[in-house]
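I opened my notebook to look up charged side chains, their partners and their surroundings, and I wrote down each term as I came to need it.

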Amino acid sequence: ARAYVAESTDWALLWHPLLLGATIAAAGAILSDLPCGPLLGVPAPTGCFCCGNWGLLAPRSGLHDAKRDGRGLFPRVCEQLLAAVLEVVELRGAQAGGVLTFVEEGFGNVSAVRSRTVKPKRGRLSTLLFKRFRWGIWRRKAWGLCCRRIRPLPVILLQGHSRFGTSSSPALAETHPHQWLGPQREIVWTYDAASQNWSQKEAEVCVTVTHNGDFDSWELYGSSVQNAALGEWLARVLHHRNSARGDSPKLAGLMDLLVCQGRWFASVRYAFVTVIMQHVDQVCGWERLNSDAPNSVPREGFFAEVARAFEDVFASALKSKPTFRPGVAISRELAADVSLTLQHRLSDRGKETFREWEVSGSVLNQFCERACCYFMEYDLMTAVHAFFEHAEGTFGVSVSCTLWPQSIVLAAKGQPISVAFDTERPLAFWSSEPGSLVTSWPCAKDGAGTRRAATARWDLDDAAGEVIELRAFEG
């Protein structure tokens, strides 16, 4: 009897802690499912990084077993490599994630394919994310069979992000990669340095960003504009409102504004912002900037009309000197011709807009010079650098554009980004977690699966701030 009582007492002593632990675990599980629970309603603890950038850039011919696997739109080896990276990056947050790549659509046109997903409470983000990404690519291929054929590009770029909801809840609209305007069809000019020739074509323009950190404000006209107000300002300047909350979508909107190279419409719009406009509140007729204020920015038709004048003068200059190289001297010469043209060929409505905004004389000349400068110089790298000159906050950023499908710009300031390289293969992949870059080559039959996919690493200087551009070329 005494032995039985002692045994019962031992079980009682063991049962109470088990019951308490099970109760606490069940309560936490229930709370995490509530709309106001700790995963959705309370900000992350101080020191929790909460988001992570990751991606890959490589010529298809440089991928392992490229003959068997590298010809697809999304090679399996890339999924396996990035899934291994994401296993570590997920520690920063895995409530939602997204990934983007580029494909060739039709006659040499580059198109962006983006997939985003919000993970259910349980499961692996990488499994769900890449499954939906493949489904999105399959749908694009199926659509291509009916309309325009989809082909893989020589260089594969994968731009990804995973997050924990901080500045906004983990809804699909708030999930990276972010685009403000999304795909737009425009006339784009390109300069081939090898042949010293210019060419133009109608192309899809789509700027995409991922961001880890906090974008607090951006300097405009000598004053700091907070992130919320910046969204209202962008909605008027770009004539497009983005419903996504949080700070990162505003960064995407600014990239749409800043990336101008080869595009007269974008160059004219940004020159108007930097030369003609003098205060934030001008976008709403000097009323206080808020969601109810009107939009006083000239309509897109006005910018298109001015851009056509630039386009015609530029095309005429190419006929007389088809091999002229981009530079300061040619920009000034071109700007002088455009300034004279605008004074005579604008429509009555265009002239009225110029009078309302007091565009004449030296202001007109400066406007034309600035537009030509943006057209010649503001590529992806220059645009990101210009953004950081006026930005306040902490940033781990990746930026891509369909105009440069073989390139990506990475930037770090207050948030880490590390880039891994393979000295034997033309491969680069990056991550917000350096520990994730030690992964090995997957599914190799020749024993190479035991060697690391990267043999060198570059850590961006996030203390002082650093911007780099990665480019890959087939062959």
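Predicted model: local features only at pLDDT ≥ 70, side-chain atom pairs only at ≥ 80, totals over all residues.

Residues are numbered from 1 along each chain as its sequence is written, and side-chain values use heavy atoms, with hydrogens and water left out.

I looked up E392 and found it partly exposed, with a relative accessible area of 39%. E392 belongs to strand β10 (residues 391–401), where strands (E, at least two residues) and helices (H or I, at least four) are DSSP runs numbered from the N terminus. Together with D214, D216 and E219, E392 forms a negative surface patch; such a patch takes residues with over 30% relative accessible area and no salt bridge, like charges being joined within 9 Å. Strand β8 (residues 207–220) gives the most to this patch, with 3 residues.

**Entry on salt bridges.** I counted a salt bridge wherever a side-chain nitrogen of Lys or Arg lies within 4 Å of a carboxyl oxygen of Asp or Glu, and the structure holds 13 of them. One of these joins R134 and E79 at 2.7 Å, N to O. Since R134 lies in helix α4 (residues 125–146) and E79 in helix α3 (residues 76–89), the pair ties together parts that are 55 residues apart in sequence. Is E79 buried or exposed? At 15% relative accessibility E79 counts as buried, whereas R134 is partly exposed at 24%.

I then looked up R124 and E87, whose closest N and O atoms are 2.6 Å apart in a salt bridge. R124 sits in the loop between β3 (109–118) and α4, and E87 in helix α3, so that this pair, 37 residues apart, links distant parts of the chain.

Within helix α10 (residues 348–356), E352 and R355 are 3 residues apart, about one turn of the helix, and their salt bridge has its closest N and O atoms 2.8 Å apart. E352 is partly exposed at 35%, while R355 counts as exposed at 54%.

**Entry on a covered helix.** Finally I looked up helix α7 (residues 264–276), where 11 of the 13 residues are buried, among them W264, R269 and F272.

Technical notes:
Patch = residues over 30% accessible without salt bridge, like charges linked within 9 Å, V, L, I, M, F, W, Y side chains within 5 Å. Areas by Shrake-Rupley, 256 points an atom, 1.4 Å probe, with all protein chains shown as cover. Lys, Arg positive; Asp, Glu negative; His and termini not counted. Charge placed at Lys NZ, Arg CZ, Asp CG, Glu CD. Buried < 20%, exposed > 50% of the residue type's maximum accessible area, 1.4 Å probe, protein only.
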